[in-house]
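Have the structure open while you read.

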Amino acid sequence: MSLLKNKAVKWGLLSALVILVTGSFVGYKMYTKPHRDVQHIKAIPVAATKLVADYEANEAHADSTYLDKVLEVAGEITEITQNQKGESVIALDGTGIGTVRCTMESSVQHDIKTGASVIIRGICTGYLTDVIMVRGLFQGK
Amino acid sequence: MKKIIISALFITSAIFAGAQNIYMTKTGKVSFYSRAKSPEKVEADNNEVSSVLNTQTGDMVFAILVKSFHFERALMEEHFNENYVESSKYPKSTFKGSITNISTVNFSKDGTYPVTVEGDLTLHGVTKKVSSKGSVTVKAGKISAYSKFEIKLKDFNVSIPSLVADKISEEIDITVDCKYELKS
């Protein structure tokens with residue numbers, strides 16, 4: 001009898017342990033999951049001119065298409081600046097009024113000049129007077 | 001509608017005041033920090049803040065894309081966007097107000113001047129009057145503005161599930177740090 005009880009207790013403890021370990025592992029994995037892999041996620045290809053025009057025409061509609069998505073934006077560089085964190089911010093020609101402004105990943109090193117045509121991958125965070133993207137990477141580099 | 005007003009404000013303030021008084025930035029920094037008891041820091045920063053400062057009238061406008069806030073932990077960023085500020089529904093946060101003691105700032109003399117800013121802060125679809133102390137620094141023709149103030153989440157209808165109530169404090173410290181350039 002005591003043997004049986006012992007066995008039941010043992011199995012009980014063992015299963016509890018397995019559940020605990022699995023649970024913690026899954027929890028830990030979720031908690032420490034990495035940010036989206038901008039480089040490899042399927043991106044929406046769009047020309048900078050079209051992206052800005054779409055936002056200027058109807059922001060809500062453009063948000064439903066582009067907001068929080070990884071975009072692959074092609075365009076001509078009109079300005080290269082730095083933000084206060086020292087990250088490169090690249091503006092791509094839009095409609096003449098608005099541009100696409102993309103904050104590049106801090107790991108991105110480049111010697112690209114204004115006027116160059118580039119394709120930038122990044123996450124669209126919305127529209128102020130320009131379309132804003134973050135976590136930018138040059139495509140094919 | 002709000003967006004139209006804000007864009008209009010950006011443009012009209014630029015036209016009427018004459019370019020000499022209009023300073024702006026598109027790379028301002030706003031960060032926040034939750035003074036929670038948890039060992040994990042709940043903090044994020046946004047380096048894509050647009051702001052316009054009229055040095056003559058003291059008028060100040062800030063426009064922030066909520067999804068530009070970056071957290072170290074992806075899961076925290078996800079929860080922030082989906083559960084707390086609902087950034088898909090409310091993608092923007094704005095502040096429209098003014099420096100009430102702008103006349104005490106001498107923009108032609110280098111120095112750091114204490115200021116008080118008052119105005120309307122819109123977050124999570126709720127607009128509230130806020131007031132905060134800060135400073136304006138003038139250095140070699142460059143102007144920067146700094147302020148740190150506190151907001152209460154419940155003022156903006158942001159609710160925290162009781163499960164994590166001990167990890168996220170009801171009061172959030174907001175830090176604003178913008179370096180302006182003369183609008184060309």
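## A threonine at the chain boundary

Start with A:Thr103, whose side chain makes a polar contact with the side chain of B:Glu48 at 2.6 Å. A polar contact here is a pair of N or O atoms within 3.5 Å; within protein, one must be able to donate a hydrogen and the other to accept it, and residues adjacent in sequence count only if both atoms are side-chain atoms. A:Thr103 sits in strand β4 (residues 100-104) of chain A; helices (H or I, at least four residues) and strands (E, at least two) are DSSP runs, numbered from the N terminus. With 5% relative accessibility, A:Thr103 counts as buried. On that scale, buried is under 20% relative accessible area, exposed is over 50%, and partly exposed is in between (1.4 Å probe, protein chains only).

Leaving out residues up to four places away in sequence, A:Thr103 touches A:Asn83, A:Glu87, A:Ser88, A:Val89, A:Met133, A:Val134, A:Arg135, A:Gly136 and B:Glu48. Contact means heavy atoms within 4.5 Å.

## What you are looking at

This is a predicted model, in which local features need pLDDT of at least 70 and side-chain atom pairs count only at pLDDT 80 or more, while totals for chains, interfaces and linings use all residues. Residues are numbered from 1 along each chain as its sequence is written, chains are lettered from A and ligands numbered from 1 in the order in which they are written, and side-chain values use heavy atoms, with hydrogens and water left out.

## The interface in numbers

How many residues does each chain bring to the contact? Chain B puts in 31 residues and chain A 25 residues. Between them they bury about 2,300 Å², and carbon and sulfur atoms give 57% of that. Buried area is the accessible area (1.4 Å probe) that two parts lose on being put together, summed over both.

Ten residue pairs are in polar contact between chain B and chain A, counting pairs with both residues at pLDDT 80 or more. On chain B, the side that touches chain A draws at least two residues from each of β1 (22-34), β2 (42-54), β3, β4, α2 and β9 (171-182). The largest share of that side, five residues, comes from α2(B).

## Salt bridges

Side chains of opposite charge can pair when their charged atoms come close. The rule used here asks for a side-chain nitrogen of Lys or Arg within 4 Å of a carboxyl oxygen of Asp or Glu. Over all chains there are 15 salt bridges, and four are found across the interface of chain B and chain A.

A:Glu59 and B:Lys92 form a salt bridge, with their closest N and O atoms 2.7 Å apart. This pair crosses between chains, running from A:Glu59 in helix α3 (residues 59-66) of chain A to B:Lys92 in strand β5 (residues 92-99) of chain B. Both A:Glu59 and B:Lys92 are buried. B:Lys26 pairs with A:Asp130, again with the closest N and O atoms 2.7 Å apart. That bridge also crosses between chains, from B:Lys26 in strand β1 of chain B to A:Asp130 in the loop between β5 (117-127) and β6 (131-138) of chain A. Here B:Lys26 is partly exposed at 26%, whereas A:Asp130 is buried at 3%.

Within chain B, the side chains of B:Lys179 and B:Asp177 meet in a salt bridge at 3.8 Å, N to O. B:Lys179 is partly exposed at 47%, and B:Asp177 is partly exposed too, at 23%. There is also a salt-bridge network, which links A:Arg36, A:Asp68 and B:Lys67.

## Aromatic rings in chain B

Rings of Phe, Tyr and Trp (its six-membered ring) pair if their centres lie within 6.5 Å; planes under 30 degrees apart count as stacked, over 60 as edge-to-face and the rest as tilted. The count over all chains is eight aromatic pairs. One of them joins B:Phe69 and B:Phe80 edge-to-face, 5.9 Å centre to centre with 75° between the planes. B:Phe69 lies in the loop between β3 (59-65) and β4 (70-71) of chain B and B:Phe80 in helix α2 (residues 74-84) of chain B, so the pair ties together parts that are eleven residues apart in sequence.

B:Phe71 and B:Phe80 form a tilted pair, 5.0 Å centre to centre with 50° between the planes. B:Phe71 is buried at 2% relative accessibility, and B:Phe80 is buried at 10%. Ring pairs link B:Phe32, B:Phe69, B:Phe71 and B:Phe80 into a cluster.

The whole structure has zero disulfides over all chains. A:Cys102 is buried at 1% relative accessibility, and A:Cys124 is buried at 0%.

Note on methods
Disulfide = S-S within 2.5 Å.
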